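I set out to record how the chains of this assembly meet and how one chain is divided. The entries are kept in the order of the look-ups.

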4 protein chains.
Amino acid sequence: MRYPHDKPPVLSLTPGPVPVYPEVLHALSRQVPYDDDLPYSAKYEFVVERLQSAMQLSTKPLILQGEPVLGLEAAAASLIASDDTVLNLVSGPYGRGFGVWARRYGTQVVDLEVPDNQAIDSHAVSDLLKRYPQTAVVSVCHHETPCGTINPINEIGAVVADHGALLIVDAVSSFGGMNTHPEDCQAAIYVTGPAKCLGAPPALTLLGVSTRAWAKMKANPTAPRGSVLSILDWEDAGLGGRRFPFTTSIADINALDAALDLYLAERPQAVWARHDLTARTFRVGIAALSLSIWAASDAIASPTTTVVRLPEGVSEAELLGDLRARYGLLVSGGRGPTTGKAIRVAHMGPAAHPLHAIAALSALGGSLQRLGFDTSPGAAIEAALQVVELST
Amino acid sequence: MRYPHDKPPVLSLTPGPVPVYPEVLHALSRQVPYDDDLPYSAKYEFVVERLQSAMQLSTKPLILQGEPVLGLEAAAASLIASDDTVLNLVSGPYGRGFGVWARRYGTQVVDLEVPDNQAIDSHAVSDLLKRYPQTAVVSVCHHETPCGTINPINEIGAVVADHGALLIVDAVSSFGGMNTHPEDCQAAIYVTGPAKCLGAPPALTLLGVSTRAWAKMKANPTAPRGSVLSILDWEDAGLGGRRFPFTTSIADINALDAALDLYLAERPQAVWARHDLTARTFRVGIAALSLSIWAASDAIASPTTTVVRLPEGVSEAELLGDLRARYGLLVSGGRGPTTGKAIRVAHMGPAAHPLHAIAALSALGGSLQRLGFDTSPGAAIEAALQVVELST
Amino acid sequence: MRYPHDKPPVLSLTPGPVPVYPEVLHALSRQVPYDDDLPYSAKYEFVVERLQSAMQLSTKPLILQGEPVLGLEAAAASLIASDDTVLNLVSGPYGRGFGVWARRYGTQVVDLEVPDNQAIDSHAVSDLLKRYPQTAVVSVCHHETPCGTINPINEIGAVVADHGALLIVDAVSSFGGMNTHPEDCQAAIYVTGPAKCLGAPPALTLLGVSTRAWAKMKANPTAPRGSVLSILDWEDAGLGGRRFPFTTSIADINALDAALDLYLAERPQAVWARHDLTARTFRVGIAALSLSIWAASDAIASPTTTVVRLPEGVSEAELLGDLRARYGLLVSGGRGPTTGKAIRVAHMGPAAHPLHAIAALSALGGSLQRLGFDTSPGAAIEAALQVVELST
Amino acid sequence: MRYPHDKPPVLSLTPGPVPVYPEVLHALSRQVPYDDDLPYSAKYEFVVERLQSAMQLSTKPLILQGEPVLGLEAAAASLIASDDTVLNLVSGPYGRGFGVWARRYGTQVVDLEVPDNQAIDSHAVSDLLKRYPQTAVVSVCHHETPCGTINPINEIGAVVADHGALLIVDAVSSFGGMNTHPEDCQAAIYVTGPAKCLGAPPALTLLGVSTRAWAKMKANPTAPRGSVLSILDWEDAGLGGRRFPFTTSIADINALDAALDLYLAERPQAVWARHDLTARTFRVGIAALSLSIWAASDAIASPTTTVVRLPEGVSEAELLGDLRARYGLLVSGGRGPTTGKAIRVAHMGPAAHPLHAIAALSALGGSLQRLGFDTSPGAAIEAALQVVELST
């Protein structure tokens, strides 16, 4: 039996866009209201309020009408003034990519780069800030999904705050799946989105903006205004009767509404625990399969995506193909430094259940054996079950 | 981590009503049309035509507006005349239950009963028909879901046809999941429904009625007319402009439409193969877990539901509770003779995937260990993966 | 421009099944839960409780798994003992039809019949009960949709109660659209359904059963048991952990849940007022179009369906065809006595808005002019607008 | 009876975002696929192909991941080089607004402005091009929704093409509701979106780009690259295995897919005829109500939105409030020059039906009478019905 490639898989464990929660699908089928009529404006205010709860913010979050790449570019364009020095922290392709925008808007960009399987050390940040005391903005990607590694943004944030600089955080694929919030890391601008751990469709940016960030953007003459790249245009947009700069992505707002509902109703701590247990279950099984994760250590391994190194002689395409065709399991290949060298198995939102991790381990064991790798799926399952057993 | 009991499970492998296919859910959200307007009547005709294809019938199938218990009672009421002798074949509670209706409508009912883990032998049917040559109607349940056993209805049908009697077949939980059709078993009335292997919601009966059955019902003065129990009222209903006796269950017809679409598009042979592979994968794993199935032999084990005997000292409630709370896995307890003695794991429609069987084996192994049963989940997974591996 | 007949209409004002409320469609797309798992059983109990509120019952209502024709037949079969005399009140085809069932189960059936455009007079009921003091059961249809007439069931109920007989009420197309409840009319069995004024799909019967009715049914040896026609089997079904006699129509229960939500949230009084205003607006316009309603007087005209007499020389088929093809408006033709003589325009659930009545009057005026009838749509609209204007 | 303001209206005739077609809502509830798996990439290619059919393009259209304001800003940023002279045609606020972007990117911007109730004359364009022969880019808004006026873009396009300049067309609220396509007006960049006449939710830009436009953008050193404002990044994106620059708005693509399906299946000519008939029916009624449209003449009045001048003494807020509260009708107030002076009634996509125009005329007549304006709703309806009657 083979699963055809043009049909949806049986189980999809991809690092976003994730298959959304059933309740979110459900919300997508609500009629699209006129954005200038009360039912929508009241709902929009309500969504912003609950997003504020979810992000544990003392200021109002913003919703930008485009997936988080918009938020990241807008953050660079708005916060970085033309005479700013930027310290860009790089532990993978997303950090590296942000450097392009930083160079577009700032005068000088200093990269602090570590190997693609390691995390940034906050002491190194501190050292560099001493070397570049003029640094106005620091940027960091919290979770490099191509690598499955997590940077210690709360520690980095403390260092940056001490220095008096402003921190831009890309938390797109971590927020909602672990204990991270804008004010925990003292972010000036914290960028995330609904299509990863929140289990909603892509198309929106969720933005935490600090009071200091607002002040710096307002003082920045090159900060975009009258533009889709503007953050300033969206201050208080849709709140208290204030018009939107342009039409919002209404169906996606409907979906976000449902996703926030689920997140808060399940309780954030419980959601994070579910992601964490799933990832730990999976990593223990990976080790028992005689495989290794890409991350240099378990301590920096992401609870929302596990990147598994391909063993010698196994090709990415063959492995992904066999998993999908024989088991109906969809996972992702590598990206950037991990292309052709690893596969990525995500534990995000509706996919973050230990039972799915166990199913994935079984399929992975079966496919690897078929492709000639000597492994023991049985041992992997027994090890994984131990993790679940001990989780109470 | 515990899954709360008031939230949907992560994976549901219950013997119907099954979680429906996404496309079926989707179809349920279509607006409900007026049943006397062309868009609906054209669709109804189309659904009947495709049901005829799916059931491989040379006559038009009927759709009754109630779940299959309606169809079974209606079949007894319509086909069994008050002076009829009925031979009722009993290999489990559904066969036994049909006897109640048979006795209500016929003059004499002879039960041919086998133990609840075995199947009817067609030679025994032949022998009894010789002893009761006046037998007008024979009734049989194809798949006793409480026991996970399959009766050889095609062989039985041949014997009944030779004798000249009419056969009522309950194929509710087998049709759509294995190679069975009304005319294969020469059924007079063949009763099935959408909520098992077709992956649609309950609420309808799908009925194959042979030409001889129509003749006998029309000649039967006690066959219901002007009643929800009537089959006669529904002859050609909704076809060629003929009105329905009463309002049809429109939302459920929308859903059936989508389910038939999926069944025919995937190709029936492929659907049966998927059910069969899932069940075989699961049974091999069950044996490797040192468990046994309820059915006396693999030869009569159902491809759509596996009934697993509980080992000594493990209670049904504890096992079901642990599977659901720790793994989010919902399976069913026993029914009738298997109550408290077995659990039922279904492989029906959208649940019939080997990957789900493997996940269920893992969870079952984990929960049984926790409840003190000495078993080897690792061996089960390795054995199960072998079945998938060899399935090409 | 012509609207094609195989596409949905622009506006559907048919006397059920009605296009359902958007929220109900939405609910239909919820995943189908396993009926023996807590999320479903808890929901079922909740639905029963809210149905009890909506029906203003002091006893638990029942939900039967088939559209209301099942409930009506089941009521006859369960309540009418074989030696009972039944007084059957007939003001249209539904009342007449009930007589068939009454004769099937009772020993003597007395029909009290009035012309098909009039209502039953409770004094006549009183007189007949004196002539037939042995009468055990009285039956009445509240709203004859083929005629658009309403019987005074509360008055009739008082007469029947005084006599000590039991009343069966068919309130299928009135409940939810006007102020009527089982205990207001002292009904023994009160039958209604979701596909009319509640704006949900058909497939269920909603049943109010009085304590006296339970007692009589339990004492009735011919009351169905072990049958889809049984009411007794469903006593407390699904409540407090009690199993269902057979699988419920889960998708339709999901829909009913949403429909009850809407009904109670809008507040029943507001829902009835909306139906009443829509019907009054429409009737005033009908008179201004020089048309007349079928009902002998406005006093007995239904607030949920208006039956409009066709003027001389206008054929039903041509009028319905022109309304649908030119305006996209779907209304119904006559039924029974009104076939070919009238059209039926319903004001039920999501269709009960004065704006829809006004649109229908316009289209009706336009089509009638085209078909050669001398009428004044402008005067109709002005009269109709007056009704809305005065409604505050 | 009053309709509450926090509940959806009965009928919404707003100039976008419009309530979407039921089939589009339906499509929104499809599961969100992974964008790097075949089912999605195949669908995306298919959507682009059908969009190409709908736009009658000889080149591949682009889908940008943001509502059309993104497409318009991106067009300005990409096509206008820093030494370009731009001729910006202004007949309302959207044309005026484009001037802001034109000035941001070009060296000189010449505005050709007409009063806000008139249309641009192509001869005036020709004259100005002679005065400014260096003009590289001309920009025009096809349909100024705030004014309900249409500019003759095909004639303008011919003049611009003769001159050798490139034309940017904003056809956001006209495409799909009338006979307009990028190559009909020889547009370099033609910007439209799904949330107006196509009846889908907002969140996407649909872009026609000519071969000459591609060449100019590629030669433009300041054209955005590596930005959400980039058009260049999206050349052939998602086609033939080419990756997307960033994650697409998958749920909105699902919706667009369904909307294009509907548009092509109904046939574009039929869709335009439906919009045209609805607008003509409405305008005739408006005149009969003794009201006037904002547009200087019927010849330039939009078939997709009618802007109605408020009579003396009637306030916008009171009129909108009465229509919504008493009739459940939602229409829009003025924007820009029409703020406080007019209301806007749209005939777009699922709202473009003469029956809805007639209902709106009735409500408008009723509300205006109540607010003290002497008008004749009856005459309006009779006049409107004549238009429908003559439409065959």
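**Entry 1: basis.** I worked from a predicted model, in which local features need pLDDT of at least 70, side-chain atom pairs count only at pLDDT 80 or more, and totals for chains, interfaces and linings use all residues. Residues are numbered from 1 along each chain as its sequence is written, chains are lettered from A and ligands numbered from 1 in the order in which they are written, and side-chain values use heavy atoms, with hydrogens and water left out.

**Entry 2: chain D against chain A.** I looked up the contact (heavy atoms within 4.5 Å) and found 52 residues from chain D and 53 residues from chain A. The two chains bury about 3700 Å² between them, 59% of it on carbon and sulfur atoms; buried area is the accessible area (1.4 Å probe) that two parts lose on being put together, summed over both. D:Pro17, D:Tyr34 and D:Val228 supply 16% of the area that chain D buries here, more than any other three residues.

Entry 3: The elements of chain D that give two or more residues to its side include helix H2 (38-54) and helix H8 (250-266); helices are DSSP runs (H or I) of at least four residues, and strands (E) of at least two.

**Entry 4: chains B and D.** I found that a rotation of 180° with 0.0 Å of shift along its axis superposes chain B on chain D (RMSD 0.0 Å), by least squares on the C-alpha atoms of residues with pLDDT of at least 70 in both. The two copies are thus related as by a two-fold rotation axis. In chain B, B:His26 has the C-alpha nearest the axis, 3.4 Å from it.

**Entry 5: domains of chain A.** I took the bounds from an automatic or database domain assignment, which gives domain 1 (11-18 + 268-389) and domain 2 (32-264). Their centres, taken over C-alpha atoms, are 29 Å apart. Domain 1 brings 27 residues to the contact and domain 2 brings 26 residues. Between them they bury about 2000 Å², 65% of it on carbon and sulfur atoms.
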